[in-house]
Amino acid sequence: MTAIRKEYLKVIDGYSQKAEPKLKVHHVSKTFAQKGQTITALQDTTFDVREGEFVTILGPSGCGKSTILKVIAGLTEPSSGYVMLNDRRIFGPGSDRGMVFQGYTLFPWLTVEQNIGFGLQLKGMAKAERKEIIEHYLHLIGLNGFGRMYPNNLSGGMKQRVAIARALANDPEVLLMDEPFGALDAQTRTVMQELLLNVWEESKKTILFVTHDIDEAIFMGDRVYVMTARPGRLKAEIPVPIPRPREFSVKTSPLFMQLKAEILELIREESWKAASEVGSKGWSPTTA
Amino acid sequence: MQVKQYFKLKENIPSRLYIGLGLFSFGALFLLWCILTYGGHVPALFLPSPTDIAQQFWLMVTEMNLFSDIVASVYRVSAGFLLASIIGVPIGLLMGSFKIAEGLVEPIVGFVRYMPASAFIPLLILWIGIGDLQKIAVIFIGTFFQQVLMVRDVTKNVSQELIDTSYTLGATQKAAFLKVVLPSALPGIMDTLRITLGWAWTYLVVAELVAASSGLGYMIMESQRFLRTAGIIVGILVIGLLGLITDSLFKAAYNKMFPWLQGGVE
């Protein structure tokens, strides 16, 4: 480990001792039955996210990283374990845990404004107050003047921006993001990453962000949890001591490269292990 | 201008050409009709000429009370169709939303659906006589069971991710149903109504062919009895026209109700 890295880690350690865990995932696992067999989607998983932190979970598709988010959101019951938010156990979904999905989940029959105000209206907030919040978030995501449009008229990147605004307008305790930029092209994705970081710095939200893109996981996160597939489990926790605010240019910095190499090594090890176990069935790291 | 460019798989053609083609095929058909009838190639008993039909139409309007037949038929179709929709759409919504409702209703509906509505006519005459109510009942049976299953499918196809999204925004089950399932299923429900209204007209004619004393089906039957071929064709054309009118009303309502569906219908 280089000296520069050690220096940063000290800073992060000091920070982590101060902040209380906001979200605790405690020995959560998920199994389900399929054709009489029990399949483990997620092995015993424990981790936590601190107030105001941006944590990313990195893993290949099918490793159960979406399952973690669904359990936290309360959309899926864990087979064992539990989730605590602000020291209270969660049961079922609620507006304190906002979520942005990979697929486009704007309500197509509502305008951009109505989409952003959906949760506020459910709470029974007065129209004038609602309008103010909607305006604020429209501005934050850079979509002033698009409020009256229907989602069908928006590009993929715009739709995801509105989905982020909709989740944030509800003022959740944590924001769960399930590969929100997974369906976007590389250029839009880069723009969206920077936009989300700006929004995060402005709103001071706690974010748990799932992705299969190594660069994205490092660029966005304070910490990266690396997951492995079949059965899914957390393999390592990598702190990212890159100072903020981060610009796109840090993606080519030596520290970034070093972290990337470290994570790639972790993933490669695991892929080889998995490949040698089930290699005869034609499974390979690339199809994981 | 290459003619070849108009024969590319699924490729668009200029809209003027598209409309022109439709007018052309209509015109060609009419021309064929004129040649066959005015040319004396087909006896008028089998196929009357356009003039015969226009005359017959005028005669029916002025002396044979065509409009009262139209009113009688429209009333029966509307009553049967509305009754079926008012009961069928909510049941379909429930079946698509709750497995327990589906388990309860599906076996019956799935079974009755395959029984031909027209075969119920003798039974219905026995039960409720030969009045309007019997015709309405035939239309009800013909449309209700199909509507239930079609609305169920539409409701089942509502994206689970949209429902989950509403939960993470604080929606209760009831709110998710009213604010996500319902608006999401509405275009599909409108489609279902539009399609089944067409079927309702088919069953109306079947119902009016048996034991009726008014209505377009009855009028067609009477015309056949007196070898008034032109009358039969007038009846068929009037029903076709009424269908076209209701269909355009549906289309207009659809575009008005769902501006968010880019491009609207078709």
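Biologist: How many residues does the largest nonpolar core have, and which have the most contacts inside it?
Modeller: This is a predicted model. The largest nonpolar core has 111 residues. Those with the most contacts inside it are I72(A), I164(A), A165(A), L176(A), L208(A), V138(B) and I139(B).

Biologist: Which helix gives the most to this core?
Modeller: Helix α6 of chain B, residues 132-156, with 13 residues.

Biologist: What about a second core?
Modeller: There is a separate one of five residues, including M60(B), L66(B), A230(B) and V234(B).

Biologist: Back to A165(A). What is it in contact with?
Modeller: Setting aside neighbours within four places in sequence, A165(A) contacts I116(A), Y137(A), L138(A), L140(A) and I141(A).

Biologist: Now L23(A). Where does it lie?
Modeller: L23(A) is in strand β1 of chain A, residues 21-34.

Biologist: Buried or exposed?
Modeller: L23(A) counts as buried because 23 other C-beta atoms lie within 10 Å, and the cut-off is 20 or more.

Biologist: Which residues does L23(A) touch?
Modeller: Not counting residues up to four places away in sequence, L23(A) touches D48(A), V49(A), I72(A), L85(A), V174(A), T206(A) and L208(A). I72(A) and L208(A) are also among the residues with the most contacts inside the largest core.

Biologist: Different topic. What is the mean pLDDT of chain A?
Modeller: The mean is 87, and 89% of the residues of chain A reach 70 or more.

Biologist: And where is the pLDDT below 50?
Modeller: Over residues 279-288 of chain A. That stretch has 11 contacts in the model beyond near neighbours in sequence. Where pLDDT is low, predicted coordinates should not be read in detail.

Technical notes:
Residues numbered from 1 in each chain as written. Chains lettered and ligands numbered in written order. Predicted model: local features only at pLDDT ≥ 70, side-chain atom pairs only at ≥ 80, totals over all residues. Core = buried A, V, L, I, M, F, W, Y, C linked by C-beta atoms within 7 Å. Buried ≥ 20, exposed ≤ 12 C-beta atoms within 10 Å, placed from the backbone. Helix = DSSP H or I, 4+ residues; strand = E, 2+ residues; numbered from the N terminus. Contact = placed C-beta atoms within 7 Å. pLDDT = per-residue confidence, 0-100.
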